[in-house]
Amino acid sequence: MTGIADLHCDVLFKMLKAPGLAFDGPESAGLDVTLNRLKEGNVRLQVFAIYLPEDERMEPETVLREAELFWTKVLTAPGMRIVRSAGDLQAVREGACRGALLSLEGVDGLREQWWCLRLLHLLGLRLLGPTWNRANWACDGALEPRGGGLTGAGRRLVKECGEMGILIDVSHLSEKGFWDVADCSSRPFFASHSNARALRNHPRNLTDAQIQAIIQAGGIIGLTFVPWFLTERDSASIDDVLRHVEHVCSLGGERHLAFGSDFDGIDRYVQGLAHPGQYPALAEALLRRYPERTVRGMLGENAFRFLHKYLPQ
C-alpha cells in the first residue's frame, strides 16, 4: 500500500506546553504522533501545525517558539525531511525519508506583523488557516456567533499567501469566511481536517456546497478522526469514518479526499484509530469497500498530487 499523508496534527503545541516531550525516543510517551508510530503506520508525510490556544500569549514570539520546536525536535529525528517545495515532496515519495510540512492554525499570534509571516515562510511554512474557532484580525471562525467573513487585513493575508506559495486551509473558517476565500484566492484552497455536515451537523464540518466548491477549485478535503465531528454518539468507530468517506465520494470527491487525523489535538479517539501506527486498520477497512487504486488515492496519492502541483516548484 502507498505511503500515507496526514494533513494535521498538534504535536508542536503539546511539546510547547510540555518541554520534556520528544518526538523521537523514550521521552515521546504522551504524544500520539511519534517517529516510531509514523513508521508503524507507513505515514510518509505528516503536517505539523503551529497552534496557539486562547489562553496562550498571542505574540509573534510564541508562534516562532513552535516553529523552533519543528526545527529542533521534529526535523532532527532520523529520516525526517522538511517539505518546502514540489522537489522536496518528490524526494520523500521516491526515497526512504519521511516528510514534515509546516502549517499555521490561526494567525492571531502574528498580530498583522507581515515580517513574521515572511519569516515563517523562510522557516518552511506552506499551509495556513486564517483563524481557529473564534474571531481574530483576519476572519471569523466556525464557532464565532456573528459569522463574519474575511476582514480587509484577512483579504490581504490571502493575497500575501498566494504570492509566497502558502496554501489556504479553510477547515476552521466561518461559512462566510470560507466563501470569501473561495472568492478572493488566486490558488486552490483545501480543508485539512473537517468532515461532512450532512452526516454530522457540527459547525466545524463542511456543507455539501462547500465540499463541492473545494472539489471544483481543485483542492483536497482531509477527513478527520475527531469523534464528535463524526457522530453524535459518545464513541466513534472506523465505520463512522467510512460513512463520511462515502458521502464525499458521492459528491464527486473520490480524487479529492485525504485524511487529517488531528492527533495530539484530541482527548477522545475513534476506536482502533488512536495514533498513526493504527492507520493500517483504516486501510484494511477501506480496501473492503473500494478498489486498491482508489484507497491509495485516499490515503496519500490525492494529497501528494495536490501538494506537488501547488507547492513552490
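The accessible surface of the chain comes to about 11800 Å² (Shrake-Rupley method, 1.4 Å probe), and 48% of that surface belongs to carbon and sulfur atoms. The model is predicted: local features need pLDDT of at least 70 and side-chain atom pairs count only at pLDDT 80 or more, while totals for chains, interfaces and linings use all residues. Residues are numbered from 1 along each chain as its sequence is written, and side-chain values use heavy atoms, with hydrogens and water left out.

Some values for the whole chain are listed here.

| Property | Value |
|---|---|
| Box filled by C-alpha atoms, along the principal axes | roughly 50 × 45 × 40 Å |
| Buried share of the 313 residues | 62% |

Buried means under 20% relative accessible area, with a 1.4 Å probe and protein chains only.

The chain has twelve helices and eight strands; these are DSSP runs, with helices (H or I) of at least four residues and strands (E) of at least two, numbered from the N terminus.

Helix α5 covers residues 114-122, and its buried residues are Trp-114, Cys-116, Leu-117, Leu-120 and His-121. Seen down the axis of α5, these residues fall within an arc of 160°, so they line one face of the helix; the arc is that of the directions from the helix axis to the C-beta atoms. The buried residues of α5 pack against β2 (43-51), α3 (60-74), β4 (98-105), β5 (125-129) and α6 (152-164), where contact means heavy atoms within 4.5 Å. After α5 comes Gly-124, with a positive phi near 115°.

Note on methods
Buried < 20%, exposed > 50% of the residue type's maximum accessible area, 1.4 Å probe, protein only.
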